[in-house]
Amino acid sequence: MAEYGLICDVEKCTGCCACFLACKDEHVGNDRGICAAPASEGQQWINIREVEYGTGDKVRLECIPLLCQHCKNPACASGAPAGAVYTRPDGIVIIDPEKAKGAKSIVKNCPYGVVFWNEALNLPQKCTLCAHMISEGAKTTRCVECCPTGALVFGDMSDKNSEISKLAARLGERLETYKPQFGTDPRVRYHALPKPFIAGEIAFEDRPGEPACGVGVSLVCKKTGKKRETVTDALGDFRFDRLPAEAVFTLSVEATGYVPAQTEVRLGPAKNLGTVILRKK
């Protein structure tokens with residue numbers, strides 16, 4: 001038996017909302033039988049969550065596709081009427097359009113905020129991973145089908161030769177779950193979720209206005225001793241991405257003919273060090 005899942009690659013997501021529009025086209029006003037009643041216009045079964053972090057001119061904007069996580073331990077089912085929320089043999093979590101009527105607790109109990117209330121139908125609703133299409137033999141979902149960048153990959157995670165399994169094997173430990181603290185064991189996995197970064201720029205004291213390109217910058221985590229290295233770009237800028245939160249680092253800058261610079265950095269969501277000026281020896 002297949003076990004379906006989805007991988008969302010945040011690095012590839014541009015926030016174009018093609019997935020959102022495709023989902024609405026497939027489900028708004030369309031009765032999908034035992035899989036889903038018609039969705040209402042105001043629902044967002046898949047949505048793009050924008051996360052902006054950083055300060056000054058060192059800011060990042062990440063776009064996270066957010067939908068039902070099709071959890072192995074669905075919190076939304078807690079306290080729901082018998083059979084109102086169930087998991088199909090292929091792993092897709094369904095809200096039964098008849099048994100779930102009136103059960104607002106299903107909306108409240110979803111920790112991800114991706115279950116919506118249809119006032120007209122008195123019914124909680126959410127993404128079904130296009131279960132009606134899969135049951136009819138489709139190989140993918142509408143959102144994946146319409147994603148122009150390949151940020152969404154759907155497939156059978158139990159098949160080692162499937163595209164999603166091969167991608168999961170390549171990404172390895174870089175794959176993670178969204179909000180793992182919820183403990184729901186989702187079948188939706190993410191690559192490159194927002195992580196803290198350290199950024200800044202280098203300038204030469206005796207060469208004002210000239211970009212300090214190609215300068216070596218290293219970063220050492222004081223707890224683990226792990227070292228990362230980079231060089232400044234054509235504008236003299238540098239950045240270390242996807243760092244552990246709340247860690248303390250030693251940042252060192254070295255350039256031939258200049259006094260090395262070193263500073264301790266305590267990391268929050270992101271750290272903009274501004275301009276580090278190197279003095280002539």
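**Notes on pockets and salt bridges**

1. Lys101 is partly exposed at 45% relative accessibility, where buried means under 20% relative accessible area, exposed over 50% and partly exposed in between, with a 1.4 Å probe and protein chains only. Its salt-bridge partner is Glu98, at 3.7 Å from N to O; a salt bridge here is a side-chain nitrogen of Lys or Arg within 4 Å of a carboxyl oxygen of Asp or Glu. Glu98 itself is exposed, with a relative accessible area of 56%.

2. A word on the basis: this is a predicted model, in which local features need pLDDT of at least 70 and side-chain atom pairs count only at pLDDT 80 or more, while totals for chains, interfaces and linings use all residues. Residues are numbered from 1 along each chain as its sequence is written, and side-chain values use heavy atoms, with hydrogens and water left out.

3. How many salt bridges does the structure hold? There are 21. One of them joins Lys72 to Glu3, with the closest N and O atoms 3.8 Å apart. This pair links distant parts of the chain, 69 residues apart: Lys72 lies in the loop between β3 (58-67) and β4 (85-87), and Glu3 in the segment before β1 (4-9). Strands are DSSP runs (E, at least two residues), numbered from the N terminus. Both ends are partly exposed, Lys72 at 40% and Glu3 at 26%.

4. Asp241 and Arg239 also form a salt bridge, their closest N and O atoms being 3.1 Å apart. Asp241 is partly exposed at 23%, as is Arg239 at 37%. Elsewhere, a network of salt bridges links Asp25, Glu26, Arg32, Arg142 and Glu145.

5. Now the pockets: on a 1 Å grid over the protein atoms alone, a pocket is an open set of points where a 1.4 Å probe fits, with protein on both sides within 12 Å along at least five of seven lines, and lining residues have an atom within 4 Å of a point. The largest has a volume of about 350 Å³, and of its 16 lining residues Val51, Lys179, Leu193, Pro194 and Lys195 are the closest to its centre. Strand β2 (residues 46-55) gives the largest share of this lining, three residues.

6. The second largest pocket has a volume of about 170 Å³. Among its lining residues are Cys221, Arg228, Arg242 and Phe249. Strand β12 (residues 216-221) supplies the largest share of that lining, three residues.

Methods: Grid points are joined across faces, edges and corners, and a volume is the space filled by probe spheres set on the points. Helices (H or I, at least four residues) and strands (E, at least two) are DSSP runs, numbered from the N terminus.
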